[in-house]
Structure formats: structure tokens, C-alpha cells
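Subject: Handover of a structure and notes on its contents

Dear colleague,

Please find the structure below, together with its sequence. My notes follow it, and I would ask you to read them with the model open.

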Amino acid sequence: MSTPPITKEPEATGRRRRADLAVLYEHPQWFAAIFAELERREIRFDKIFIPQHFYEVSGKEPGFKILFNRMSPSAHSRERGSGIFHTLAYLEHLELQGVRVINGSKAFRYEISKAAQHSLLKSLGLRYLPSRVIHSVDQAAAAAEGLRYPIIVKPNVGGSGKGIVRFDSKHELGAALAAGRLSLGYDSIALIQEFVPARGGFITRVETLGGDYLYAIRVHLSGQTFDLCPADICQTPAGQRLDTACAVEASKAGLKVEAYNPTADVIGAIERIVQSAGIDVGGIEYIVDDRDGLIYYYDINALSNFVADAPRLIGFSPVEKLADFLQQEIRRAG
């Protein structure tokens with residue numbers, strides 16, 4: 001795989017016509033579908049590869065009208081974590097210059113903080129997983145007191161379930177602490193949460209676009225993994241293969257996915273979440289606790305890789321819907 005050259009953000013010049021759009025991204029393969037759709041529609045766009053990007057604070061007007069932020073919080077698991085906080089600084093820089101940023105700094109702050117996500121859910125009066133936020137492994141045992149086991153330790157900066165560890169008893173947690181086997185993740189902040197048994201053996205992922213409901217899927221769990229990126233799932237409950245699953249990773253063994261229609265109340269709650277978080281394009285996950293039958297919202301995502309083979313699974317192409325949305329934003333930007 002070739003590596004893009006080191007570049008700063010494109011600048012507007014008299015010799016170069018401004019691009020309609022710039023897409024800021026970190027993963028070299030996740031966004032091939034939207035790039036292809038933009039090219040098919042002959043939309044002028046630049047690609048900003050964040051691992052090799054820098055910018056000048058006193059620089060000229062950017063050479064694009066709109067920036068679409070596609071930075072992933074899981075970049076740290078690919079040795080590109082430095083780009084996370086660089087991205088945040090760059091988004092805030094552009095916004096202060098009056099540039100329209102899709103999934104801007106507010107959305108990205110929620111994307112890179114599970115703790116902030118749960119505080120947002122609390123502020124909206126929505127049910128969330130019982131959680132304690134720690135910043136030292138020495139606090140883990142005390143923070144777990146009063147929670148029902150099993151518990152999980154979840155890194156604050158996540159991405160596709162990376163780094164989540166389950167402990168079935170107080171003894172197991174104590175043994176891990178004594179052996180120095182507990183890590184809090186990229187920013188040394190983590191959440192201690194109760195592990196929720198999923199009623200029906202599935203979680204629900206709802207995708208949104210422009211603050212509105214787009215579609216939902218149920219993800220059937222294997223019970224052996226917390227890595228639940230829906231774009232990587234390769235088959236329906238009937239075992240039908242979805243051939244265009246995530247191009248970068250192998251299919252997740254045992255995981256199945258199906259289209260689903262949430263209730264109006266759930267859709268309303270999810271639209272409130274994304275609108276409050278400033279998320280233009282994103283997904284929310286929730287689970288029904290088998291112990292009490294109640295819905296708990298637990299993950300707010302400002303980076304969505306749409307489900308594999310969407311037209312066959314949900315009946316339309318979300319990539320085309322996304323391109324429609326981007327064209328509308330370009331028109332608004334003049």
C-alpha cells in the first residue's frame with residue numbers, strides 16, 4: 001500500500017480553483033466507496049490524510065469550501081494516535097476561521113470520550129450504563145464497588161470495542177491489578193461499567209444523517225468479542241454472505257446482522273442525541289438489558305462505516321444518501 005506524501009491543507013490560490021469539499025481521514029481504505037461516489041458525481045474534493053498532515057495557523061484561506069471530518073478514534077491502535085488531538089486542534093482552527101466542518105470539533109470531542117458521551121446521555125434524561133470514570137489503575141477497585149459483576153473496563157478513547165476487558169468477579173479484577181495487567185487506554189482515562197447481558201443476544205445500531213434517522217441494524221453477538229464494528233459483519237441471520245464487508249478486516253466469526261425498525265420513541269431519542277452532540281453523520285448503539293428489559297444507550301459514534309452490502313440488507317445505499325447530503329452542504333456554502 002503506497003503512503004500519501006506529507007502535505008499541509010490545500011490553500012486557495014489564484015491558480016487553483018477551490019475544491020467543493022475536503023475529506024479528512026486516517027484509514028486508507030474505509031472511505032473508498034464515498035470517494036468513488038463523489039468522483040462519479042464529478043464533485044471537486046481533496047483528500048487530507050491526517051497521519052501526514054500539518055497546517056499553518058497564519059495560513060491563507062483553505063482551498064476548499066467544506067471539510068468532512070472522518071478521523072477515527074481507533075487510530076491509536078494503528079500507531080496513529082497522535083493524529084487524534086492534531087485533528088481536534090485543526091477542526092477548531094478551521095471553525096474559528098468560519099469554515100463549515102461536517103462532524104466538527106464538538107462532535108469529535110464526543111467521539112473521543114466515552115465519559116463525555118455518558119454525561120451527555122445523563123443530561124438528556126436517557127438511560128445509560130452505570131459507570132465510574134477513573135484516571136489511574138489504582139482507582140479501579142474502589143470504583144468497581146457497588147457495581148454488579150461481571151464488569152468491564154472500557155478505555156475512554158475507543159473505537160470498535162478496542163481495549164475493553166471483562167472481569168467476572170472482584171477476585172479476577174484484583175488479580176489483574178496485582179499483576180499490572182490493566183491498561184486504561186490512550187489518554188489514561190477509563191470507565192468501569194456493569195456488563196449488560198443482551199436480551200435476544202443482540203445490540204442495535206442506528207445510523208443518522210443530518211441529525212435525522214437513516215436506518216438501523218441488529219447485530220447478533222457471539223458472546224466472545226467486544227469488537228462490534230457493524231461494517232465488518234459478513235452475514236445475515238440466515239447465513240447469507242455479505243460479500244462487501246469491511247475491506248480491511250476479516251469477517252467477525254459468529255456475528256450476524258439484520259435490518260431493523262426501531263420504535264418512534266427510540267428514533268426520537270437517538271435524533272436528540274446526535275443533534276445535541278453536533279453529529280452530522282453518525283451512529284448510536286443501544287442494548288436491551290436481559291435483567292430488566294430496559295433500553296440502555298451506550299455508544300455515540302461520529303464515525304460511521306455503513307453496513308456491508310447495504311442495498312441488499314436495508315434496501316438502499318447509504319453512501320448515495322451521504323453524497324446527497326454533502327452536495328446539499330456544498331450548495332449552502334456557495
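Two strands are said to pair if DSSP finds at least two bridges between them. Helices (H or I, at least four residues) and strands (E, at least two) are DSSP runs, numbered from the N terminus.

This is a predicted model, in which local features need pLDDT of at least 70 and side-chain atom pairs count only at pLDDT 80 or more, while totals for chains, interfaces and linings use all residues. Residues are numbered from 1 along each chain as its sequence is written, and side-chain values use heavy atoms, with hydrogens and water left out.

**The five-stranded sheet**

Strand S11 (residues 202-209) and strand S14 (residues 281-288) run antiparallel and are joined by 6 bridges. Leu 209 has Val 281 in S14 as its bridge partner. Both strands belong to an open sheet of 5 strands with antiparallel pairing, in the order S13-S12-S11-S14-S15. At its edges are strand S13 (256-260) and S15, each of which pairs on one side only. On average, neighbouring strands of this sheet are turned by 25° against each other, direction ignored. Axes here are lines fitted to C-alpha atoms, for helices over the stretch in contact, and angles run from 0 to 180 degrees between N-to-C directions. Helix H7 packs on the sheet, touching S11, strand S12 (212-220), S14 and S15, and its direction makes about 35° with that of S15. Contact means heavy atoms within 4.5 Å.

S8 and S9 pair in the antiparallel sense over 3 bridges, and Val 153 has Val 165 in S9 as its bridge partner.

Which residues of H4 are buried? In this helix (residues 114-123) they are Lys 114, Ala 115, Gln 117, His 118, Leu 120 and Leu 121. Buried means under 20% relative accessible area, exposed over 50%, and partly exposed in between (1.4 Å probe, protein chains only). The cover over these residues includes helix H3 (105-111), strand S7 (131-134), strand S8 (151-155), strand S10 (190-194), helix H7 (264-277) and strand S15 (295-301). Just after H4, Gly 125 takes a positive phi of about 75°.

**Aromatic rings**

Rings of Phe, Tyr and Trp (its six-membered ring) pair if their centres lie within 6.5 Å; planes under 30 degrees apart count as stacked, over 60 as edge-to-face and the rest as tilted. The whole structure holds 9 aromatic pairs. One of them is the edge-to-face pair of Tyr 25 and Phe 35, at 5.5 Å centre to centre with 75° between the planes. This pair links distant parts of the chain, with Tyr 25 in strand S2 (residues 19-25) and Phe 35 in helix H1 (residues 32-40), 10 residues apart. Phe 35 is buried, with a relative accessible area of 7%. Phe 35 and Phe 45 are stacked because their ring centres lie 5.7 Å apart and their planes are at 20°. Tyr 25, Phe 35, Phe 45 and Phe 49 form one aromatic cluster.

Yours sincerely
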